[in-house]
Amino acid sequence: TLPELQIQRGAAIALTGPNGAGKSTLLRILAFLESPTKGELDFFGTPGVPFRREVTLLLQEPYLLHLSVFDNVAYGLKIRGERHLTDRVFTALDSVGLPPESFHHRQRHELSGGEKQRVALAARLILRPLALLLDEPTSNLDAQSIDAIHRAVIQAVGAGTTVIVASHDHAWLDTLNARRIHLHPKEEHTSSLSSAPA
């Protein structure tokens, strides 16, 4: 029998386990970027592909376009045809601890690694996704960026966004009051799950 994982809307989930256990792969499957080799993936009871725009994944290594900070954050809304974006972009930047007046005009090469990660997170938060997935979002970042990302994610959880995060930062996972799902590596590159309450 295949293991079953059910995630309630608005839940905070922490994926833990050693390297190679499949945390990143599971996140990519949950983000509809990869298909499971077995079983099915539903989004609130419906096959998930039509809802891909409602789920967003922040990778450990952020990718920004060769655009200004403003245009990177606004990009997802622009391709959806939305207009009058300044207030939403500035709010998203502020939520990740980047003063909009100082950062909105900056280019990618003018940002530190932590600032790039915060811009990448702002670009996802502005979409108001139903589910926000994060893969080691604070790995190798400076303390200020780690704190800003923590606060932004906790705020998203408080606003009812489903948050699923893979991280080795157990102290931060504790602040999320997240349900823990521990992945156990198995032979032949498969993994099993065990769950613990928050």
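This is a predicted model: local features need pLDDT of at least 70, side-chain atom pairs count only at pLDDT 80 or more; totals for chains, interfaces and linings use all residues.

I began with helix α5 (residues 113-125) and helix α6 (residues 143-158), which pack at an angle of about 15° with their axes 9 Å apart. Axes here are lines fitted to C-alpha atoms over the stretch in contact, and angles run from 0 to 180 degrees between N-to-C directions. The two helices, α5 and α6, are therefore roughly parallel (the term covers angles under 35 degrees). I noted that the contact (heavy atoms within 4.5 Å) includes Leu 121 and Leu 125 of α5 and Ala 148 and Ile 149 of α6. Its residues divide into seven nonpolar, four polar and two charged.

Residues are numbered from 1 along each chain as its sequence is written, and side-chain values use heavy atoms, with hydrogens and water left out.

Next I turned to the strands. I found Thr 56 in strand β4 (residues 55-58), and at 10% relative accessibility Thr 56 counts as buried (under 20% relative accessible area, with a 1.4 Å probe and protein chains only). Four bridges join β4 to β5, and the two run parallel.

Is β5 enclosed or open? Five of the five residues of strand β5 (residues 131-135) are buried, so β5 is largely enclosed by the rest of the structure.

Last, I followed Leu 134 of β5: Leu 58 stands opposite Leu 134, and in β6 the bridge partner of Leu 134 is Val 165.

Terms used:
Angles under 35 degrees count as roughly parallel, over 145 as roughly antiparallel, 65 to 115 as roughly perpendicular and the rest as oblique. Ala, Val, Leu, Ile, Met, Phe, Trp, Tyr, Cys and Pro count as nonpolar, Asp, Glu, Lys and Arg as charged, and the others, Gly among them, as polar. Buried means under 20% relative accessible area, exposed over 50%, partly exposed in between (1.4 Å probe, protein chains only). Two strands pair if DSSP finds at least two bridges between them.
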